[in-house]
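Please have the sequence and the model at hand.

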Amino acid sequence: MASGRSRWQWGVWVPFVVLAIGPFLALLLDTLFVDGQGWTLAAYRDSWGSRKQWELLINSAQVGGGVAVGCLLLGLPFGFLVSRTDLRGRSLYAAVSVIPLLIPSYVSGIAWTQIQPMGGYPAIVFILTLTFFPIVAFLAGRGLREVGHEVEDAARLQLGTLHGMCRVTLPLAVPSVLAASLLVFALSISDFGVPDFFSFAGNQEQSFQVLSANVYFRWFAEQDSEGAVAAAMPLLLLACAAMVGISWSEGRRGRGAITGSHRVPPPVRLGRWSWIAHAYLCSVMVLSAGFPMGVVLSWLAKGTPAEEAMIATPPSGADAIVEEVTLLGLLQGPAGGDVLRSMLYAGLAAAVIVVVAVGPALLLARRRRSSSGGLLLSFVPLAIPSVFLGMAQLQTFDRALVPDPFFTGGGLVVVTYVARYLPLGVLALRASALRIAPEIHEASQLSVRSPVARFCKCTFPLLVPGIVVAATLCFGLALRDLDSIVLLDGAQRTLPLRLYNKVHYARDAEVAGLCLLQMMSVFVPWIVVRLLAPAAFRQKQW
């Protein structure tokens, strides 16, 4: 019996490893076993012996560290105010805080450069901080809510409200805050879109090169696949170190409670300080979401100069011709097909992610603190740089005998989305499964029903809220993803690639319309989920 259970536990990880880690391993082996040379490290010696390689890695690490610190400064107060205070309208702040994650980061960069010329390291850190701070806000809020009611009450009675929060509540939330900061660090060092935009938007003195852009250039422009993989390995190792830190911190995260049951501590009363909290939250949302969206709307209202009016030296006396760009017009044109195609790809990927992630998530939740190895395995794919993941998918499926429509169509895009966001699906479902009382699982084990019947009758209904959240999250992130699919042929007819191309051609009004279409495509499912979900479930999200 124990042997069968062990085989089942290992079996649930097989699809995860094949989809999320398999292409990367195949690409790595390709660089180590080159045709006609056998085992060789020539690509790594050439790349790692370059001084420029290490300078770019240091630049990437500086970006990641700066963004992690910036997100901590913005996200920790945001998460505390939304999750642990009696501030009026905090549920609205929690709902709109996801908007910065859904706006393409390079579009935010374009919006800010319209008002204030910027470039280089400060601009990259500033834009990525405004994009990723909701991750820290959400995870920090979760950690603050998991401090037990009894623990915090005892601290308040002994030390007072302020000292109790500083001496007890915040230390208990440190694992969640540390995990969020490391996750932001890993995502920032592999970001391609923002550094790529500021490499041509600013002047040469402000240009700040990072390793992810260099990897893309070596693969796409120089057609040097082995050199690109070797160049990306230090970035991967740096991100893996961050993932090990996340796994360590998550393994030590626990609900601080004196008794066996957990109750959320009461909210902190702000009193006359509420107006300062409102001012802070509104300022953060205006900077991260309101301002970029306002610039986007102004572009759409202004229109785009027609092609014949975009001449460097127009005829004397010629007036600029402005094309009227509307959302309906974009939907009726090629962009409409790209929107539907992107939503289809993202929806299929979200469905596959949920199906594959259920088994590992339940296993991690039931093993609790003894699942550090499984947690580390679930975090490892997040360390793979997005551009590197696209390279791995191209190399793997180009070698395999797959139909051409799969390689050049949407099949490879869906598989790439799954590989990129499957770890997030596992972690989101694990968080939902941890809320299921162990007594319920133990009682179901006493039933004479089969494991499948017990799952369908007992576990699945309790997991439905987590499944909905995981699917919606993965759908939204896939719909805005550019870095992992920028190299794929099938992605050329998707909304993120159309947006990326229009940005480079300065088609401001079209970029604005496409941004609005993309945000609407993501917001609509998110709003529907929040409106249809029970009130108790909505409160648990923060």
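## Surroundings of Leu81

Leaving aside residues up to four places away in sequence, Leu81 touches Leu87, Arg90, Leu270, Ala277, Tyr280 and Leu281. The model is a predicted one, and it places Leu81 in helix H4. Leu81 has a relative accessibility of 10%, under the 20% limit, and therefore counts as buried.

Tyr93 lies 12 residues from Leu81 in sequence, and the C-alpha atoms of Leu81 and Tyr93 are 9.5 Å apart in space.

## Packing of H4 against H12

Helix H4 covers residues 51-84 and helix H12 covers residues 211-220. The axes of H4 and H12 come within 8 Å and cross at roughly 130 degrees. An angle over 145 degrees would count as roughly antiparallel and one of 65 to 115 as roughly perpendicular; H4 and H12 are therefore oblique to each other. On the H4 side the contact is made by Lys52, Gln53, Leu56, Leu57 and Ser60, and on the H12 side by Leu211, Ser212 and Asn214. By class, the residues of this contact are 3 nonpolar, 4 polar and 1 charged.

How many of the 10 residues of H12 are buried? The count is 8, so H12 is largely enclosed by the rest of the structure. The buried residues of H12 are Leu211, Ser212, Ala213, Asn214, Val215, Tyr216, Arg218 and Trp219. Among them are Leu211, Ser212 and Asn214, which meet residues of H4.

## Surroundings of Ser47

Ser47 is in helix H3, residues 42-48. With a relative accessible area of 3%, Ser47 is buried. Beyond residues up to four places away in sequence, Ser47 touches Gln53, Arg218, Gly227, Ala230 and Ala231. Two of these contacts lead back to the helices described above: Gln53 belongs to the H4 side of the contact with H12, and Arg218 is one of the buried residues of H12.

Ser47 and Ala228 are 181 residues apart along the chain, while their C-alpha atoms are separated by 8.6 Å.

## Surroundings of Ala239

Helix H13, residues 225-251, contains Ala239. The relative accessible area of Ala239 is 1%, and the residue is therefore buried. What does Ala239 touch, not counting residues up to four places away in sequence? The contacts are Ala186, Ile189 and Ala383.

Pro381 is 142 residues from Ala239 along the chain, and the C-alpha atoms of Ala239 and Pro381 are separated by 9.7 Å.

## Aromatic pairs

The chain has 5 aromatic pairs. One of them joins Trp13 and Phe16: the ring centres are 5.4 Å apart and the planes stand at 90 degrees, so the pair is edge-to-face. Trp13 is buried at 7% relative accessibility, and Phe16 is buried at 0%.

Trp112 and Phe126 also form an edge-to-face pair, because their planes are at 85 degrees, over the 60 degrees required; their ring centres are 5.1 Å apart. This pair links distant parts of the chain, with Trp112 in helix H7 (residues 105-115) and Phe126 in helix H8 (residues 120-145), 14 residues apart. Are Trp112 and Phe126 buried or partly exposed? Trp112 is buried, with a relative accessible area of 12%, whereas Phe126 is partly exposed, at 29%. Ring pairs link Trp112, Phe126 and Phe291 into a cluster.

## Cysteines

The count of disulfides is 0. A disulfide is a covalent bond between the sulfur atoms of two cysteines. Cys71 has 0% relative accessibility and counts as buried. Cys282 is partly exposed, with a relative accessible area of 38%.

## The chain overall

The chain has 25 helices and 4 strands. Of its 542 residues, 53% are buried. Leu81, Ser47 and Ala239 are among the buried residues.

Of the contacts between residues at least 6 apart in sequence, 83% join residues at least 24 apart.

How values were computed
Residues are numbered from 1 along each chain as its sequence is written. This is a predicted model: local features need pLDDT of at least 70, side-chain atom pairs count only at pLDDT 80 or more; totals for chains, interfaces and linings use all residues. Side-chain values use heavy atoms; hydrogens and water are left out. Axes are lines fitted to C-alpha atoms, for helices over the stretch in contact, and angles run from 0 to 180 degrees between N-to-C directions. Helices (H or I, at least four residues) and strands (E, at least two) are DSSP runs, numbered from the N terminus. Angles under 35 degrees count as roughly parallel, over 145 as roughly antiparallel, 65 to 115 as roughly perpendicular and the rest as oblique. Contact means heavy atoms within 4.5 Å. Ala, Val, Leu, Ile, Met, Phe, Trp, Tyr, Cys and Pro count as nonpolar, Asp, Glu, Lys and Arg as charged, and the others, Gly among them, as polar. A disulfide is a pair of cysteine sulfur atoms within 2.5 Å. Buried means under 20% relative accessible area, exposed over 50%, partly exposed in between (1.4 Å probe, protein chains only). Rings of Phe, Tyr and Trp (its six-membered ring) pair if their centres lie within 6.5 Å; planes under 30 degrees apart count as stacked, over 60 as edge-to-face and the rest as tilted.
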